[in-house]
Amino acid sequence: MTPQRHEDTKIGRGKSQPLCLYILSLCLCGFVVSIVLRAGGLKTSASTSASAAPLEGCLKCHDKIEPMHQFSPTATLDKLDNGKDALGLTCTACHGGNPAATTKEDAHVRPRFPREWMRDGKFRIPERSGPLLARESLEFVRFLNPGDLRVAAQTCGTSECHTSETGAVARSMMAHGAMLWGAALYNNGGFPLKDTAFGESYGATGAPQSLV
Ligand code: HEC
Ligand code: HEC
């Protein structure tokens, strides 16, 4: 058996007519396909911009809420832009919760102690909610207030947006209140140093911690 060579597979002169037809039909096909694609392309580009980022279910009920960030280097927003604020943040980027759900029960993060968050059959944050919140899951704390210092490192402090502020505010006098104790003790002669050394600070689990 002679090994097949490239020349053997060449289409002979006698077959050149079907080849021409073949090429012609290929061109025609290509033309038709390109038209179809171009028409479809317009449609898909329009629908991908919507389907790439499906609106979060939260907006079904909260769509009138003002954007958290109204300004970005390139935009100023009076209202939400496709469910996002001026920095492109969605509700769940900060609050957590289920962006795909459309009922309140499924969308909201559920509390561990649902009855204690209810009054007159409605969800109500009780007065002095601190001790109750301290027993709740961190997911729920984040859902109610993404700026809570227990979770701020995962929200405001991520992506180098407010990393240093988040670290600093947790150690600031707004968080530990040491100026109060320091001023009272120093001014009344209870402690001789003006530098404040007495205050309160708690970690994410609620355990006391020292700040050095
Ligand atoms: C079906 C409607 C509905 C959907 C969907 C929904 N919510 Fe709500 N949300 C409410 C209502 C009503 C309240 C008022 C308090 C209540 O009744 O629980 C509320 C309250 C809240 C609160 C405030 C809690 C407080 O009182 O401080 C936050 C935060 C919140 N929603 C965030 C979200 C986020 C984030 C999503 C999407 C993941 C979402 N919601 C989806 C209806 C909805
Ligand atoms: C950049 C982070 C961030 C984004 C994005 C964000 N929130 Fe908030 N949201 C917060 C913080 C922080 C609070 C203040 C909580 C407090 O003061 O107790 C808050 C408060 C709320 C409250 C409490 C009631 C109020 O109006 O003060 C609701 C409801 C709420 N957000 C829903 C939403 C929804 C819905 C979206 C999406 C459209 C959204 N948030 C986007 C961070 C954010």
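Student: How many helices and strands are there in the chain?

Tutor: The model is predicted: local features need pLDDT of at least 70, side-chain atom pairs count only at pLDDT 80 or more, and totals for chains, interfaces and linings use all residues. Residues are numbered from 1 along each chain as its sequence is written, while chains are lettered from A and ligands numbered from 1 in the order in which they are written. Helices (H or I, at least four residues) and strands (E, at least two) are DSSP runs, numbered from the N terminus. On this basis, the chain has 10 helices and 2 strands.

Student: What pattern does the chain follow along the sequence?

Tutor: The chain contains 10 helices and 2 strands. Read along the sequence, they follow the pattern α-α-α-α-α-β-β-α-α-α-α-α.

Student: What pLDDT does the chain average?

Tutor: pLDDT is the predictor's confidence in each residue, from 0 to 100. In this chain, 75% of the residues score at least 70. The average pLDDT of the chain is 81.

Student: How many contacts beyond four places in sequence does the model have for residues 26-50?

Tutor: Two residues are in contact if their C-beta atoms, placed from the backbone, lie within 7 Å. Over residues 26-50 the pLDDT stays under 50. Where pLDDT is low, the predicted coordinates should not be read in detail.

Student: Which residues come nearest to ligand 1?

Tutor: A residue is near a molecule or strand if its C-beta atom, placed from the backbone, lies within 6 Å of it. Around ligand 1 there are 22 residues. The nearest of them are Cys58, Cys61, Gly97, Ala107 and Phe123.

Student: Which elements give two or more residues to the shell around ligand 1?

Tutor: The shell has 9 nonpolar, 9 polar and 4 charged residues. Here Ala, Val, Leu, Ile, Met, Phe, Trp, Tyr, Cys and Pro count as nonpolar, Asp, Glu, Lys and Arg as charged, and the others, Gly among them, as polar. The elements that give two or more residues are helix H3 (59-62), helix H4 (91-95), helix H5 (104-107), strand S2 (122-123) and helix H7 (138-144).

Student: Which helix gives the largest share of the shell around ligand 2?

Tutor: Ligand 2 is surrounded by 15 residues, and the closest are His62, Leu89, Cys91, Cys94 and Gly147. By class, this shell has 9 nonpolar, 5 polar and 1 charged residues. The largest share, 4 residues, comes from H4.

Student: Which residues does Phe143 touch, not counting residues up to four places away in sequence?

Tutor: Phe143 is one of the members of the largest nonpolar core. Not counting residues up to four places away in sequence, Phe143 touches His95, Gly96, Gly97, His108 and Val109.

Student: Is Ala178 buried, exposed or partly exposed?

Tutor: A residue is buried if 20 or more other C-beta atoms lie within 10 Å of its own, exposed if 12 or fewer, and partly exposed in between; C-beta atoms are placed from the backbone. Ala178 belongs to helix H10 (residues 178-187). Because Ala178 has 19 other C-beta atoms within 10 Å, its class is partly exposed.

Student: What separates the C-alpha atoms of Leu211 and His176?

Tutor: Leu211 lies in the segment after H10. Leaving aside neighbours within four places in sequence, Leu211 is in contact with Arg171, His176 and Ser201. Leu211 and His176 are 35 residues apart along the chain, and their C-alpha atoms are separated by 9.1 Å.

Student: What is the phi of Ser159, about how many degrees?

Tutor: Ser159 is in the loop between H7 and helix H8 (163-170), and it is exposed, with 11 other C-beta atoms within 10 Å. Most residues other than glycine have a negative phi. Although Ser159 is not a glycine, its phi is positive, at about 55 degrees.

Terms used. A nonpolar core is a set of buried Ala, Val, Leu, Ile, Met, Phe, Trp, Tyr and Cys residues joined through C-beta atoms within 7 Å.
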